[in-house]
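Opening my notebook on this one. I want to go through the inside first, then the surface, then the charged pairs.

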Amino acid sequence: MSTSASTAKVAKPTFADRWNNLSKPVQVVVWVAIAVVFFVLPLLNLPIVSTPDAEFGSVLATVANYALVALGLNIVLGYAGLLDLGYVGFYAIGAYTVAVGGSLHGQINWFVLIVMAVTISTASGLLLGAPTLRVRGDYLAIVTLGFGEIIRLTALNSEWLNQARGITGIPRPPSTELFGLPSLVWDGLTAQVDLGEGARSVFLKFGLLDAVPYYWLALIVIILVLIADKLLQSSRVGRAWEATREDEEAAELNGVPTFRFKLLAFAMGAFVGGLSGALYASRIGAINPDSFMIQLSMMFLAAVVIGGQGNRWGAIVGGVVVAYLPERFREFADFRIVVFGLLLLLLANFRPQGLLPPRRAKRAQRADAVTKELEGTEEGARA
């Protein structure tokens, strides 16, 4: 009887199973609806969700940027199992490429700057990974931590990069003023449409005061990265990353060129990190070395760990948690860092796999539960 019950528990369909059983058109409609909700979110200004002490569109743009960074770091940490503590270095390279080529030492087209940023950051990932990926674990963490600080100190001490003065006048994406979108104003539970010029977000006008178009741009980039991420994970490359993460020696014995695939993961992570840094610099308009402190790497790492290493949706959720919650509870400025630390401690104890653990972790937990139940049944039968 217990064995039958255990089998039933294993066979019970999960949310992922139910989702996979839906037809493709239904899945597409659901995804489109979710995307529309996120695109109109800054215009709704929902009372519970919006940030009363900070401009909601700007907060959402920051949240989207963190989510994009977490997706890139998830490739390195979650898929390939490489502990990178200096990911902010690639973020800074992307930002400084746009700043130097578009303001300090040139007036290059913005789209060309984005291509340059991702190319240079990817090349830096290959240059860093080639000699350092032969070490593992703590040694790799120390090397990457040093890389992040080297990038910051180079910007701080290089006259060509304007040292501590930083760089201003960074070019923004080309604007196309198509139409204005009004936002909602809430009086308790009653919503009214605000048609004032100050409340309209022009699509797509990338200016200084309105951060909503930058949020929309980041959402588009996130969608593209998610599509590429899914294709990669379900391909031969993704299976090689998983084998390398689980047992590198066994993977090598089975013919997987682990070093090559680790280097590819590092390069892909650097690509996304440089892209997110370039978008950040374009939105802020001014950067300096203090914008890329090593603490930022810790926040990026926390986003992936909180969300669930190896789960792309978990990485996005982690990025939202890390970037959104401190702004949402800004009124508790003196205590929010303490509360955030306590939440991390609770998560580490009660949800060590993250908020959205990958499927492999769920399968392992279910298998362990079934094994323990079977062992208990056998011991009871012997008694």
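A lining residue has an atom within 4 Å of a point. Grid points are joined across faces, edges and corners, and a volume is the space filled by probe spheres set on the points.

Ground rules next. I am working on a predicted model, where local features need pLDDT of at least 70 and side-chain atom pairs count only at pLDDT 80 or more, whereas totals for chains, interfaces and linings use all residues. Residues are numbered from 1 along each chain as its sequence is written, and side-chain values use heavy atoms, with hydrogens and water left out.

**Cavity**

How many cavities of 30 Å³ or more does the structure hold? I found one. The largest cavity has about 80 Å³ of space. I listed its lining as A61, N65, P173, Y214, L217, A218, L279, Y280, S282 and R283. For element names I use DSSP runs numbered from the N terminus: helices are H or I with at least four residues, strands are E with at least two. On that basis α4, α8 (212-233) and α11 (258-284) each put at least two residues into the cavity lining.

**Second largest pocket**

I then looked up the second largest pocket, which holds about 560 Å³. It has 22 lining residues, and T62, Y66, V322, A323 and E327 are the closest to its centre. α4, α11, α12 (294-307), α13 and α14 (336-350) each supply at least two lining residues. Which helix gives the most to this pocket? It is α4, with five residues.

**Helix α9**

For burial I use relative accessible area: buried is under 20%, exposed over 50%, partly exposed in between (1.4 Å probe, protein chains only). In α9 (residues 236-246) I noted V237, G238, A240, W241, T244 and R245 as buried. They sit on the same side of α9, because they cover an arc of only 160° around the axis; the arc is taken from the directions from the helix axis to the C-beta atoms. R236, R239 and E246 are exposed on the other side.

**Nonpolar patch**

Patches take residues with over 30% relative accessible area and no salt bridge, joining like charges within 9 Å and nonpolar side chains (Val, Leu, Ile, Met, Phe, Trp, Tyr) within 5 Å. Areas are Shrake-Rupley with a 1.4 Å probe, and for residues only the protein chains shown count as cover. I got a nonpolar patch of about 760 Å² from L22, V26, V30, W31, I34, F38, W313, V317, L355 and L356. α3 (24-44) and α13 (312-328) are the elements giving two or more residues to it. α3 gives the most, five residues. I34 lies in α3 and is partly exposed at 34% relative accessible area.

**Positive phi**

N45 is in the loop between α3 and α4 (56-79) and is partly exposed at 23%. I also flagged Q163, another non-glycine, with phi near 50°. Q163 is in the loop between α7 (137-157) and β1 (167-168), partly exposed at 25%.

**Salt bridges**

My cut-off is a side-chain nitrogen of Lys or Arg within 4 Å of a carboxyl oxygen of Asp or Glu. I have eight salt bridges in the structure. E248 pairs with R136, closest N and O atoms 3.4 Å apart. E248 lies in α10 (residues 248-253) and R136 in the loop between α6 (110-132) and α7, so the pair ties together parts 112 residues apart in sequence. Buried or exposed? E248 is buried at 12%, whereas R136 is partly exposed at 39%.

R136 also meets E249 in a salt bridge, 2.6 Å from N to O. That pair links R136 to α10 as well, across 113 residues. E249 is partly exposed at 41%. Together R136, E248, E249 and K262 form a salt-bridge network.

Last one: E159 and R165 form a salt bridge at 2.8 Å between the closest N and O atoms, and both residues are exposed.

Definitions and conventions:
On a 1 Å grid over the protein atoms alone, a cavity is a set of points where a 1.4 Å probe fits but cannot get out, and a pocket is an open set with protein on both sides within 12 Å along at least five of seven lines; lining residues have an atom within 4 Å of a point.
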